[in-house]
Amino acid sequence: MGIICTMARRELGAYFLSPIAYAVIAIYLFAAGLAFGLGTFANSAEASLRNLLEFWMVLILVFVLPMLTMRLISDELRSGTIETLMTAPVTESQIVLGKFFGAFAFYLVLLATLAIYPILLEMYGDMDYKLLFCNVMGLVLLGGLYIATSLFFSACTKHQVIAVLASFFLLALMTFASQGLAQQFDGAIRAALQQLSVRTHYMDFVRGLIDTNHVVFFVTTTSLFLFLTVKRLEMQRWQ
Amino acid sequence: MVRVENLTKRYGSFLAVDNISFAVQRGGVLGFLGPNGAGKTTTIRILSCFHPASGGSATIGGYDVFRQSIDVRRRVGYLPESTPLYPEMRAREYLQFRGKLRGMSRDERTSGIRRVAERCWLGSFIDRPINQLSKGMKQRVGLADAMLHDPDLLILDEPTIGLDPTQIRETRNLIKDLGERHTVMLSSHILSEVEQICDQTIIIAAGKIVATGSPQDLRDRFSEQGRVVAEIKAEHKDIEEETRKITGIQQVTLADANGWVRTTVSAKAGCDVREDLFKLAKEKNWALRELRREGATLEDFFIKVTAEQQTVRAQ
Ligand SMILES: Nc1ncnc2c1ncn2[C@@H]1O[C@H](COP(=O)(O)OP(=O)(O)OP(=O)(O)O)[C@@H](O)[C@H]1O
Ligand SMILES: [Mg+2]
């Protein structure tokens with residue numbers, strides 16, 4: 001536990017010293033602001049975050065989280081610090097979890113900046129706090145999955161650009177394409193593809209529902225990618 | 001302290017370390033010497049638990065490097081060849097981080113950092129970001145990290161590379177010092193370095209151990225086959241012909257030196273041909289202006305054994 005915490009704190013600290021992270025934050029804030037402004041006020045029938053959360057926020061995260069995560073292991077592979085790290089008395093799981101929670105903590109900081117939107121809405125109408133809680137929960141789980149997926153690709157290559165492109169591709173596929181693909185099939189395959197679609201599971205959180213089924217989906221897929229990352233790092237030793 | 005048995009490492013079909021065995025006693029400095037691509041880094045990476053071996057076994061302080069890897073890593077301080085560090089951190093933060101990874105308490109870290117900062121002359125740049133440090137300073141931060149937890153075994157992969165001459169001397173002294181309380185294993189391709197600071201030497205070439213012993217042993221073993229150099233004034237042909245008649249002579253090489261002929265002869269082990277050469281010159285009435293025996297250096301030995309191995313690998 002202590003080691004995971006140490007690793008996470010180092011990663012979090014590295015974010016605040018990294019110019020790339022600041023560039024990504026700027027893009028994120030700008031995109032979220034734009035999406036909120038256009039989506040909520042342009043055709044403001046009801047004061048809600050629904051439009052922002054349903055599509056724009058997901059799209060933004062598909063791009064932003066791989067960019068924040070790509071560095072985590074790739075950079076160690078490129079610079080050779082992986083050698084000092086993996087010869088310290090720490091296990092691969094501790095390394096992976098530490099990096100995951102470091103990025104996750106940074107993501108929570110990003111999410112906190114979104115607090116401004118509910119505050120804005122509060123001025124225009126009543127805020128539904130149960131709904132807000134579900135929304136936040138959905139974003140937290142979604143972000144966790146995205147970070148774990150990107151972390152896996154970060155462990156696969158020392159080239160950050162390759163890691164980030166592979167993550168974009170897989171995340172877009174899991175999130176947006178699987179629903180479209182599902183339409184092409186019938187029966188069991190269709191059901192399976194729909195089950196695999198991240199957006200299907202995420203939508204209920206936006207609507208204000210917390211279904212354990214969906215929570216289980218996010219927790220298991222996130223754990224699966226973390227597990228694959230650990231395996232990948234163990235394989236790294238053999239090269 | 002270190003016991004290596006039949007250790008083998010393959011990269012694909014390439015055999016980087018070929019069935020090597022050796023043992024290192026507690027205390028002292030062991031030099032791991034070999035030309036580029038000999039397999040020094042590969043062996044060191046296996047001992048530091050970075051790479052698993054393809055075959056054979058290695059234990060450090062009784063713990064197996066593969067099966068009890070965490071126990072080994074706790075007891076080993078390792079400085080990799082390229083001294084990788086996190087550029088955005090300050091040296092002190094980096095050492096704090098490394099101390100925490102090794103499970104050191106806050107007090108242990110504070111006193112440990114004070115100790116290594118002094119021994120590795122980190123001085124005021126301990127509070128500067130690492131990306132602003134020069135190569136030599138980074139090297140010292142890496143060394144400080146390896147020593148931070150006061151490990152039983154220090155493994156240093158080419159610790160003096162990239163340092164200026166003063167730093168090299170200071171680092172060598174530091175390593176010699178460390179060898180009094182710890183066991184130190186270092187790799188190098190600089191012979192004089194190994195001769196100066198190591199108690200034991202292992203010479204490795206093309207993945208195989210070609211010689212072991214103290215630097216003195218190795219020098220003795222080789223210097224029996226010393227060479228004699230004479231500067232003579234005479235015809236090449238005559239010198240060649242006559243010297244070859246001396247018993248025990250194996251090889252004669254001649255070279256012109258300002259009107260004199262520089263004659264280098266090597267003789268069988270145990271033969272001192274200086275007297276024969278003098279008598280020869282006197283008998284033939286040749287002018288002789290120099291006659292000396294060249295003590296073999298460890299360098300000759302090193303070049304000879306590694307060259308042999310290289311040709312073996314090439315076949
Ligand atoms: N990851 C790797 N994959 C494939 N081959 C490798 C790998 N690492 C090392 N080798 C090969 O193994 C051999 C031994 O390399 P090693 O790095 O151990 O040499 P070295 O003795 O440390 O040399 P140097 O003095 O140049 O540091 C070399 O021929 C090298 O090409
Ligand atoms: Mg090397």
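Me: Let's start with chain A. In what order do the elements of chain A run from the N terminus on?
Reply: Reading from the N terminus, the elements of chain A go α-α-α-α-α-α-α-α-α-α-α-α. Counted up, that secondary structure is 12 helices and 0 strands. Keep in mind that this is a predicted model.

Me: And chain B? How many helices and strands does the secondary structure of chain B come to?
Reply: Chain B has 11 helices and 14 strands.

Me: What radius of gyration does chain B have?
Reply: Chain B has 25 Å, but a compact globule of 315 residues would have a value near 20 Å. Along the principal axes, the C-alpha trace of chain B spans about 80 × 45 × 30 Å.

Me: I'd like to understand burial too. What share of the residues counts as buried in chain A, and what share in chain B?
Reply: A residue is called buried when its relative accessible area is under 20%. In chain A, 53% of the 239 residues count as buried. In chain B, the share is 50% of 315 residues.

Me: Now a single residue. Why does B:Thr243 count as buried?
Reply: Buried means under 20% relative accessible area. B:Thr243 counts as buried because its relative accessibility is 0%. This residue is found in helix H9 of chain B, residues 236-245.

Me: What does the side chain of B:Thr243 reach, and which residues is B:Thr243 in contact with beyond its neighbours within four places in sequence?
Reply: The side chain of B:Thr243 reaches the backbone oxygen of B:Glu240 at 3.3 Å. Leaving those sequence neighbours aside, B:Thr243 is in contact with B:Ile249, B:Val252, B:Leu277 and B:Leu280.

Me: How do I read the place where the chains meet? What area do chain A and chain B bury between them?
Reply: The size of an interface is often given as the accessible area lost when the parts come together. Chain A and chain B bury about 2400 Å² between them, with 63% of it on carbon and sulfur atoms. On the side of chain A, A:Arg10, A:Glu83 and A:Pro89 lose the most area to chain B, together 29% of what that side buries. Counting residues, 24 of chain A are in contact with 26 of chain B.

Me: How many salt bridges are found across the interface?
Reply: The rule finds 2 salt bridges between chain A and chain B. One of the salt bridges joins A:Arg10 to B:Glu88, with the closest N and O atoms 2.9 Å apart. Helices H1 (2-16), H4 (71-79) and H5 (81-86) of chain A each give two or more residues to the side that touches chain B. By class, that side of chain A has 11 nonpolar, 8 polar and 5 charged residues.

Note on methods:
Residues numbered from 1 in each chain as written. Chains lettered and ligands numbered in written order. Predicted model: local features only at pLDDT ≥ 70, side-chain atom pairs only at ≥ 80, totals over all residues. Heavy atoms only, no water. Contact = heavy atoms within 4.5 Å. Buried area = accessible area lost by both parts, 1.4 Å probe. Salt bridge = Lys/Arg side-chain N within 4 Å of Asp/Glu carboxyl O. Helix = DSSP H or I, 4+ residues; strand = E, 2+ residues; numbered from the N terminus. Nonpolar A, V, L, I, M, F, W, Y, C, P; charged D, E, K, R; others polar. Buried < 20%, exposed > 50% of the residue type's maximum accessible area, 1.4 Å probe, protein only. Polar contact = N/O pair within 3.5 Å; in protein donor to acceptor, adjacent residues only side chain to side chain. Rg over C-alpha atoms; globule rule 2.2 N^0.38 Å.
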